[in-house]
Each structure stands twice: as C-alpha cells, then as structure tokens.
Amino acid sequence: MQRPTRPPYAADPLRSRGRRLAEPAAPTRSEFQRDRDRIIHSTAFRRLVYKTQVFMNHEGDLFRTRLTHSLEVAQLGRSIARSLGLDEDLVEAVALAHDLGHTPFGHAGQDVLDDCMQAHGGFEHNLQSLRVVDHLEQRYPDFDGLNLCFETREGILKHCSRRNAELLEAMEPGGVATRFLHGGQPSLEAQLCNLADEVAYNAHDVDDGVRSGLIELEQLLDVELVREHWRAALDAHPQLTGRRLLFETIRRMLSAQVYDIIDATRAALDEARPDSPDAVRGADKPLLRFSADMRAKSTALKRFLFANLYRHPQVQATRTRAEQVLRDLFAAYAADSTQLPADFAARENRERACADYIAGMTDRFAIREHTRLTGKTLF
Ligand code: MG
C-alpha cells in the first residue's frame, strides 16, 4: 500500500500493538479505520444522541448532545491531526468513543452511580467507555465488545483510579492501565482527543449557555479568551450583532486554540524529538499541548462556565431531579432483578449489572423506566 510519509511519533496502524483477539487484516481499511467504523455502528454510539451533555435533549432541539459533542471533538481533532501528521483515523475513533460510557443526565448520573456502587467497586465514566467497547456491546459472533486495537482503547481510557488500574492491570499486564500505575503518557492521538474535548466543550457550552439564556454575553466579556475574540470580530465586522457576533467570536476562539495547539505541539516535538510513538509515551508530560498563555486562558473560561453555567440554579434543579431518577432506578433493580432485561438479570454481580444497564440508558428511557417502576413523573 502506498502511504504518505508518516512522522516517526505518529501512531501507525501497521505497527499497532494489536487487538485482544487477533483478527485477519481488513482488505481495504487500516486497523484504526476499522475501529472507527465499529464504533459508529455500535449501539452505544447511537444512544449518544439522547444523552445529556449539559442541557437535556427535551429542553431544546439545538443544544449539544453527547453525539454532537463527540462529532465536534472528532472534527477539531482531525483538523489538528492532519496538520501535525498524526493518524486521523485513530483520532476520530477515540473522539467518537470517548463518551460512550457516559450515563444519562451527564455528570449528575456519573456521581449517583459512583455513589450507589461505593461498596461494589465504584463507577467511573472513562472506565465505563472502555467496558462498553471491551465487554458490553454484543454484535460479533466470536467476542463480546468491539475488539478494538490497543491504541484506540488506550485513548478511550483517559483517566483511571489506582484501584481500577490495578484490577485492569491484573487482567491485562502491560496493557491500557499500566500508565496509571507507573506513569507515562498515551499516544499523541489520544492526547489530542483529550485537549480537543476541552476546546469543544468550552466553545459549545458558551454557545448553548447563551442560547439557553442562562448566561449573558456581557458576563462572558469578563473572560479574556471570549473578550479578545469578540473585540477582533467587531473590529473586522463593526456591523455584527446578536447571534452572528457570538458565532464569529466562537469561530475565532476555536481557530486561535487550534493554531495554538499546532504551534505549541510542533515546538514541543522539535525539542523532544520523539523517534517513535513509544518515545511519546515515555515523555514526562504530554507533548501535545496548549502554549502556557492559552492554557491559562482556557482554564479561566472553564472556571467561568463551571461557576456560571454548570452551577446555575436552573441546571442544578434539573440535576437534582436527574439524581433522584437514577437513585430510584438503581434501588428498584437492585431490589428486584426481574425488572432487569434477562441478560442483565442473569449476571452474577447484580450491582454491576444494574450500573451497566443504567449507564447505557438514554435520558428519555431512564425517565420512562423511572415512571414505570415508581409511578412518579419527575420530568
Ligand atoms: Mg467529552
């Protein structure tokens, strides 16, 4: 196969560490393309359309969902990857899969399930994303899960507690959890998805926050990253107002962050000169990065959104009801496993079966199940 030159630090599908169960190569697709395709065809991927990012699906048709968020992460990731010579297919695969383990109702769901599972190993959404692709999808005749490549799984497991890393390591020595025990970085492609995630949600939560009326553009002008691009947008287009001004501000913010990542990462690569993906993994910190200046600006925007949007009384009120729904669901299934689908009810570890079943639900399915099991309608 004729290939464009690949920089030595980029992941290479021909040198993948492979799948847990070996499979013959696909005739026309690289191993990472194949992973991306398996993710898109998975059931968990389709559920993302009805899972909350910040606003619930029924609150408005234009707000981001986990699906559109994941697509935006993939878009940002691919455009940076192409410029740096990284493997775009791997970036896309990780970006599309990174939130597969998210519960219904966003972070509220993760916290409730973790609480319900305290005596049974806890619940972490990153680890759950890996569980989805390793175990929970049931589509293939010869294995559970999607049997993805090491590099894709490595990127999906973005964070992991020490306790869970030890459990994973015991099952898969030297595998995707090793770096959480002994230090080290994931591939540049995985590092990129991590940063593209932050760039994407900072930008789209500004848009959704203003659209929802929960934050005002005037408040946002306290945030340097927004203010500087709002000014630049107005300098270039003095007639701009309203939503077009906001869109142009966000567009400029996104471009500035993308170029910043490309420049800062090129500089870091020039200095470290990693001669293989494993040299990237051995670095003491991520080589894919913002400049120090952009890191500070992005963090300031994140703090603003936390204080003014994610902690907004209206978002909190929804969150409280969502927590109740999930707590009630967990209690109902744990008390009576006949309420679970047969394949979940048959599993030995009932609590984990409850957590897996609930984590897989869409917001609206969770609400329907809650009404069916409790007779209450909280939404
Ligand atoms: Mg995300």
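Predicted model: local features only at pLDDT ≥ 70, side-chain atom pairs only at ≥ 80, totals over all residues.
The magnesium ion is coordinated in the model by four protein residues: His-69 and His-98, each through NE2, and Asp-99 and Asp-197, each through an OD atom. These donors lie 2.1 to 2.7 Å from the ion. Along the chain, their spacing reads H-x28-H-D-x97-D. Asp-99 and Asp-197 are both buried.

The loop between H4 and H5 also contains Phe-105. The phi angle of Phe-105 is near 65°, a positive value in a residue other than glycine. With a relative accessible area of 5%, Phe-105 falls under the 20% limit and is therefore buried. A positive phi, near 45°, is likewise found at Arg-273, again a residue other than glycine. Arg-273 is located in the loop between helix H13 (242–272) and helix H14 (277–281). The relative accessibility of Arg-273 is 62%, so this residue counts as exposed.

Because 22 of its 25 residues are buried, H10 is largely enclosed by the rest of the structure. The helix is followed by Gly-213, which has a positive phi near 85°. Gln-191 is situated in H10 and, at 5% relative accessibility, counts as buried. In sequence, Gln-191 and Arg-289 are separated by 98 residues, yet their C-alpha atoms are 8.2 Å apart in space.

No disulfides are present in the model, the count being zero. Cys-116 takes part in no disulfide, and the nearest cysteine sulfur, belonging to Cys-354, is 9.3 Å away. For Cys-193, the closest cysteine sulfur is that of Cys-149, at 15 Å; this distance is too far for a bond, given that a disulfide requires sulfur atoms within 2.5 Å. Cys-193 has a relative accessible area of 6% and is thus buried.

The second largest pocket holds about 560 Å³ of space. Its lining consists of 24 residues, and those nearest the pocket centre are Arg-47, Leu-136, Glu-137, Phe-344 and Asp-356. Four elements contribute two or more residues each to this lining: helix H2 (43–47), helix H6 (125–136), helix H17 (342–345) and helix H18 (350–360). The largest share, five residues, is provided by H6. In composition, the lining of the second largest pocket includes nine nonpolar, seven polar and eight charged residues.

Methods. Residues numbered from 1 in each chain as written. Heavy atoms only, no water. Donors = N, O, S within 2.8 Å, 3.2 Å for Na, K, Ca; no water. Buried < 20%, exposed > 50% of the residue type's maximum accessible area, 1.4 Å probe, protein only. 1 Å grid on protein atoms, 1.4 Å probe; cavity = no way out; pocket = protein on both sides within 12 Å on 5 of 7 lines; lining within 4 Å. Points joined across faces, edges and corners; volume = space filled by probe spheres on them. Nonpolar A, V, L, I, M, F, W, Y, C, P; charged D, E, K, R; others polar.
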